[in-house]
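Here's a quick briefing to read with the model open in your viewer. Have a look first, then work through the notes.

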Amino acid sequence: MEFKKTITLDDLCNILGHSVKVVGNKNIAITGINEIHSVAKGNISFVDSPKYYDKALQSEADVILINKEVDCPEGKALVITDDPINDFCTVVRHYVQFHPQTTAIHPDAKIGEGTVIQPNVFIGEDVTIGKNCIIHGNVSIYAHTIIGDNVIIHSGASIGADAYYFQKRADGWKKLESCGRTILCDRVDVGANVCIDKGVSGDTYIGEGVKFDNLVQVGHDTHIGAHCLIGAQCAIAGCTYIDDDCNIWARACVNKDLYIAKNTTILAMTGVDKSVKEEGQVLFGLPATDARKKWREMAHIRQLPSMAEEIALLKKEIEELKKK
């Protein structure tokens with residue numbers, strides 16, 4: 001999330017509202033706040049696990065909320081705090097608040113010419129919908145969503161709900177506040193009961209011409225490239241990048257933080273747990289592998305019972321030969 005105007009480290013400390021230690025460059029102009037996977041120069045980010053210290057310190061972020069004093073990279077600032085994730089959420093809540101609505105369609109929503117909004121549709125604040133769209137009944141479009149032209153969204157779909165992002169604490173789960181957006185480009189078709197979550201701090205992006213069947217889940221900060229087909233009951237976890245022209249068949253699952261190369265086909269009931277870097281592959285199975293290889297393996301497995309019988313007969317013949 002980028003701020004509407006830059007702030008200073010003093011401003012940041014005032015927003016946090018408690019004592020922190022600041023080391024490093026104290027003259028940084030802070031332009032926004034983002035999670036580590038989407039940070040840019042001038043941004044605030046956070047880290048609270050030694051496992052990710054190096055990644056955070058070497059990222060583009062100029063200000064890092066961190067729970068331990070370490071060597072500060074040149075030009076950056078470290079804000080030493082007991083609870084970086086809580087302070088991250090404090091900053092988010094300062095800039096993005098939930099405002100209850102008294103009308104189904106927010107007064108500041110921008111709806112393009114020729115767009116049809118069916119009854120019982122909810123449209124939140126700061127939503128933009130392009131021209132010649134059809135939004136069917138019982139669709140919910142949350143705040144800070146951008147929808148292009150000629151988009152069709154079928155009944156029951158949810159666009160821009162909070163990211164499913166929690167940290168385990170001694171007293172339960174700490175929710176990481178969502179301040180990102182959801183973007184649907186031109187000519188996207190969204191099936192019934194599809195759920196597309198907003199980004200934690202960046203954008204969940206659905207490219208031009210993407211087509212969703214019913215009952216699909218798309219996690220936070222995921223990028224789906226142009227002209228992809230996503231079958232019914234697919235689940236795509238957060239922070240995954242799916243390149244253009246991919247086909248994902250029904251009930252396939254794609255794990256978080258992965259890259260799926262262009263023109264990949266993921267067959268039905270497949271589970272993808274590693275990035276796919278070679279274009280044009282056809283994958284099947286759990287875990288996913290080359291479909292032809294997997295089918296050969298399955299064919300061999302089906303032969304195992306008869307092979308076992310043949311082996312038993314051969315062993316019997318060998319024993320009889322030994323006796324002779």
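What follows covers the model's ground rules, its cores, a helix pair, its salt bridges and some backbone details.

This is a predicted model, where local features need pLDDT of at least 70 and side-chain atom pairs count only at pLDDT 80 or more, while totals for chains, interfaces and linings use all residues. Residues are numbered from 1 along each chain as its sequence is written, and side-chain values use heavy atoms, with hydrogens and water left out. The largest nonpolar core has 40 residues, and a search of the whole structure turns up 13 salt bridges.

**Nonpolar cores**

- A nonpolar core here is a set of buried Ala, Val, Leu, Ile, Met, Phe, Trp, Tyr and Cys residues joined through side-chain atoms within 4.5 Å. On the accessibility scale, buried means under 20% relative accessible area, exposed over 50%, and partly exposed in between (1.4 Å probe, protein chains only).
- In the largest core, I141, I153 and F212 have the most contacts inside it.
- I141 is in contact (heavy atoms within 4.5 Å) with F122, I123, G124, V127, I129, I135, I147, I153 and I159, leaving aside neighbours within four places in sequence.
- Apart from that core lies another, of 27 residues, with I15, I30, F46 and A77 among them.

**Helices α1 and α3**

- Helices (H or I, at least four residues) and strands (E, at least two) are DSSP runs, numbered from the N terminus.
- The axes of α1 (residues 9–16) and α3 (residues 84–95) come within 9 Å and cross at roughly 95°. Those axes are lines fitted to C-alpha atoms, for helices over the stretch in contact, with angles running from 0 to 180 degrees between N-to-C directions.
- That makes α1 roughly perpendicular to α3; the label covers 65 to 115 degrees, with under 35 roughly parallel, over 145 roughly antiparallel and the rest oblique.
- From α1, L12, I15 and L16 meet D87, T90, V91, H94 and Y95 of α3.
- Sorted by class, this contact has 5 nonpolar, 2 polar and 1 charged residues. Ala, Val, Leu, Ile, Met, Phe, Trp, Tyr, Cys and Pro count as nonpolar, Asp, Glu, Lys and Arg as charged, and the others, Gly among them, as polar.

**Salt bridges**

- A salt bridge means a side-chain nitrogen of Lys or Arg within 4 Å of a carboxyl oxygen of Asp or Glu.
- E208 pairs with R187 in a salt bridge, their closest N and O atoms 2.0 Å apart. E208 sits in the loop between β21 (203–206) and β22 (211–212) and R187 in the loop between β18 (181–184) and β19 (189–190), so the pair ties together parts that are 21 residues apart in sequence.
- K256 and D257 meet in a salt bridge at 3.2 Å, N to O, and D257 is partly exposed at 47%.
- K274 bridges to D273, with the closest N and O atoms 3.8 Å apart. K274 is exposed at 58%.
- D162, K175 and K198 are linked in a network of salt bridges.

- D162 lies in the loop between β15 (158–161) and β16 (166–169), and is partly exposed at 34%.
- Not counting residues up to four places away in sequence, D162 touches K175, S178, D197 and K198.
- D273 is in the loop between β32 and β33 and is partly exposed, at 38%.
- D273 touches N255, L258 and P287, again setting aside residues up to four places away.
- The C-alpha atoms of D273 and I123, 150 residues apart along the chain, are separated by 35 Å.

**Backbone details**

- The L286 to P287 peptide bond is cis, with omega near 0°, and P287 lies in the loop between β33 (282–284) and β34 (289–290).
- N132 isn't a glycine but has a positive phi of about 55°. It's in the loop between β10 (128–129) and β11 (134–135), partly exposed at 44%.
- M269, also a residue other than glycine, has a positive phi near 65°. M269 is in the loop between β31 (265–266) and β32 (271–272) and is exposed, at 52%.
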